[in-house]
Amino acid sequence: MQSLLQEISQRCFLSPELQQSIKKCFEERNVKKGEKILVQGNKANYLYFIKTGVLHNYYYLDDKQISSWFYNENQFITSWYSFYAQKSSFEEIECLENCTLFQISYKDYQKLIADFPAFGNFARLLAEEMLTFIDEFSKGWSFLSAREKYKLLLTYFPDIELRVKLGHIASFLGISQETLSRIRK
């Protein structure tokens, strides 16, 4: 719980009352490797904070699984569109390692925002960070070569090759595993 509180405190002031409410609203959850915390078509009812482990968001295109991003320790994860809009998700979220997560329901998240202006500031800053990252990343991504995409991924997630199957990495980059092997040399 300390890592979650520390991450939130980087974006807002945590009064003792807010800390207590966060501790009540965020529930610790252990999830095994291979388990999904969100299935396509379901609504993302939870925002997660990763204490330990690696997860990835992915979707299907022509019956092929396409990884859309990887998340690891001290990051928040959900299907952002589905969580904020409270609509069905077009993607799935799977644990690539055994994970320890802290989860908060959409309802409790909204209650913390309503009850604590500081938490509302945290929520706004988190949404802005995600929007900024997704917008910047998606616009620049289209114009990069496979090698440049791979190098950029390594800047965000330096030990990804030690924790994620190469097939998932190749899928994310939009290349074959053979091409990934050549790039890695």
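**Entry 1: D62 and the β4/β5 loop**

I looked up D62 in the predicted model and found it in the loop that joins β4 (55-61) to β5 (64-71). Its phi is positive, about 50°, although D62 is not a glycine. Is D62 buried or exposed? I read a relative accessible area of 72% for D62, which is over the 50% cut-off, so I noted it as exposed.

**Entry 2: Q86**

I then turned to Q86, another residue that is not a glycine but has a positive phi, here about 55°. Q86 lies in the loop between α3 (80-85) and β7 (92-95). Its relative accessibility is 21%, so I put Q86 down as partly exposed.

**Entry 3: the sheet**

I traced the strands next. β2, β7, β4 and β5 form an open sheet of four strands in that order, with antiparallel pairing. The edges are β2 (36-38) and β5, each of which pairs on one side only. On average, neighbouring strands in this sheet are turned by 35° against each other, direction ignored.

I looked at the β4 and β5 pair in detail. How many bridges join β4 and β5? I noted seven, in the antiparallel sense. Within this part of the sheet, H56 stands opposite F70 in β5. Helix α8 (residues 166-173) packs on the sheet and touches β4 and β5. The direction of α8 makes about 95° with that of β5.

**Entry 4: aromatic pairs**

I went through the rings and recorded 16 aromatic pairs in the structure. One of them is Y58 with Y60: the ring centres are 5.8 Å apart and the planes stand at 85°, so I noted the pair as edge-to-face. I also checked the accessibility of both residues. Y58 has a relative accessibility of 1% and therefore counts as buried, whereas Y60, at 38%, counts as partly exposed.

F83 and Y84 form another edge-to-face pair, with 5.7 Å from centre to centre and 65° between the planes. Which of these two residues is buried? It is F83, because its relative accessibility is 0%. Y84 has 33% and so counts as partly exposed.

Notes. Residues numbered from 1 in each chain as written. Predicted model: local features only at pLDDT ≥ 70, side-chain atom pairs only at ≥ 80, totals over all residues. Heavy atoms only, no water. Helix = DSSP H or I, 4+ residues; strand = E, 2+ residues; numbered from the N terminus. Buried < 20%, exposed > 50% of the residue type's maximum accessible area, 1.4 Å probe, protein only. Pairing = 2+ DSSP bridges. Axes fitted to C-alpha atoms, helices over the stretch in contact; angles between N-to-C directions. Contact = heavy atoms within 4.5 Å. Phe/Tyr/Trp six-rings, centres within 6.5 Å; stacked < 30°, edge-to-face > 60°.
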